[in-house]
Amino acid sequence: MDLGLKGKVALVTGGSRGIGRATALTLAAEGCDVAICGRGTDNVEKAVDELKALGVRACGVAADVTAPGEVERFVDESISALGGADLLVANVGGTSGKTFRTLTVSDWIKTFEMNLFHAVRAIHAVAPSMEQRGGGSIVTIASISGWRPGPRSQYGTAKAAEIFLSGSLAWELAPQRIRVNTVSPGSTIFPGGGWERFREQQPDVFGEFEQNEFPWGRLATAEEIANVVTFVLSERASWINGANIPVDGGQGRPDVFFRLHDA
């Protein structure tokens with residue numbers, strides 16, 4: 001199926017590894033020019049080279065999206081390099097701190113900066129370019145933790161806020177022909193990620209979790225999440241707006257990883 005993305009310009013935060021990298025590569029394979037950001041210069045440059053090898057224009061910015069002005073700098077430099085923006089994936093996420101009784105206010109703020117506030121800043125910065133180009137499409141990457149409560153309340157609460165944000169902005173940005181949706185992955189394994197480290201460090205416990213919590217007996221791959229994100233961004237999904245789309249393979253609970261590591 002031709003998704004009609006050829007020639008579009010896509011911006012992906014956290015695009016140098018994991019789900020962000022897989023999404024950037026999938027968009028490039030569909031013919032998008034792609035801009036990414038990431039905290040490590042080497043990883044960003046490597047990912048940009050991979051994108052360019054697919055025959056599209058690509059650029060990368062080393063940036064910490066939790067620092068003041070960094071999201072805006074990424075958006076501005078990307079638009080300058082690629083001539084505008086049609087698509088945005090607000091992918092960066094993570095958590096600070098562990099169990100509720102040990103959390104500090106700083107942990108809550110850092111977690112919201114990584115998830116909700118970075119998405120708010122990215123969307124605010126990119127929307128004018130999308131409007132100038134006749135519209136656009138935005139996907140925020142949340143998590144099934146956003147509505148299936150478990151440990152790490154700061155993470156689930158931030159993800160729930162991201163889901164609400166997309167639903168609200170779907171209404172607010174509709175007059176500018178900008179669609180906003182959320183894709184919520186379940187546990188996803190990729191090179192260098194937390195699940196891969198857990199599998200290496202505790203293979204027996206990981207294997208039990210994998211077999212008990214997933215109908216298909218495995219975690220998601222980053223590419224499986226990226227395929228859904230790319231479709232939702234495309235005109236083939238033109239009547240999907242304000243939606244939260246789980247991509248979890250029927251996973252039962254989002255909290256097992258946190259239980260194991262908080263024990």
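The legends below describe close-up views of a predicted model.

**View 1. Strand β6 and its covered faces.**
Strand β6 spans residues 178-185, and eight of its eight residues are buried. Ile 178, Val 180, Thr 182 and Ser 184 make up one side of β6, and each of these residues is buried.

**View 2. β6 beside strand β5.**
Strand β5, residues 136-141, pairs with β6 in the parallel sense, over six bridges. Within this pairing, Ile 138 has Val 180 of β6 as its bridge partner. Between the two strands, the chain passes from β5 through helix α5 (residues 153-172) to β6. This β-α-β crossover is right-handed.

**View 3. β6 beside strand β9.**
Strand β9 covers residues 244-247 and runs parallel to β6, with four bridges joining the two. One of the residues involved is Ser 184, whose bridge partner in β9 is Pro 246.

Arg 177 lies in the loop between α5 and β6. Although Arg 177 is not a glycine, its phi is positive, at about 60 degrees. Is Arg 177 buried or exposed? With a relative accessible area of 60%, Arg 177 is exposed, because the cut-off for that class is over 50%.

The structure holds seven aromatic pairs. In one of them, Trp 195 and Phe 198, the ring centres are 5.8 Å apart and the planes are at 50 degrees, so this pair is tilted. Both residues belong to helix α6 (residues 194-201), where they are three residues apart, about one turn of the helix. Trp 195 and Phe 198 are both buried. Phe 209 and Phe 214 form another pair, with ring centres 5.3 Å apart and planes at 80 degrees, so the pair is edge-to-face. Phe 209 is buried, with a relative accessible area of 5%. Phe 214 also counts as buried, at 5% relative accessibility. Together with Phe 206, the residues Trp 195, Phe 198, Phe 209 and Phe 214 form one aromatic cluster.

**View 4. Cysteines without a disulfide.**
How many disulfides does the structure hold? The count is zero. Cys 59 is in no disulfide either, and the cysteine sulfur nearest to its own, that of Cys 37, is 10 Å away. Cys 32 counts as buried, at 0% relative accessibility. Cys 59 counts as buried at 14%.

**View 5. The largest pocket.**
The largest pocket has a volume of about 1,300 Å³. Its lining consists of 44 residues. Arg 17, Gly 93, Gly 94, Tyr 155 and Phe 190 are the lining residues that lie nearest the centre of the pocket. At least two lining residues come from each of the helices α1 (18-29), α5, α6 and α9 (256-262), and the strand β2 (33-38) likewise supplies at least two.

Definitions and conventions:
Residues are numbered from 1 along each chain as its sequence is written. This is a predicted model: local features need pLDDT of at least 70, side-chain atom pairs count only at pLDDT 80 or more; totals for chains, interfaces and linings use all residues. Side-chain values use heavy atoms; hydrogens and water are left out. Buried means under 20% relative accessible area, exposed over 50%, partly exposed in between (1.4 Å probe, protein chains only). Two strands pair if DSSP finds at least two bridges between them. A crossover is right-handed if, with the strands pointing away from the viewer, the path from the first strand over the helix to the second runs clockwise. Rings of Phe, Tyr and Trp (its six-membered ring) pair if their centres lie within 6.5 Å; planes under 30 degrees apart count as stacked, over 60 as edge-to-face and the rest as tilted. A disulfide is a pair of cysteine sulfur atoms within 2.5 Å. On a 1 Å grid over the protein atoms alone, a cavity is a set of points where a 1.4 Å probe fits but cannot get out, and a pocket is an open set with protein on both sides within 12 Å along at least five of seven lines; lining residues have an atom within 4 Å of a point. Grid points are joined across faces, edges and corners, and a volume is the space filled by probe spheres set on the points.
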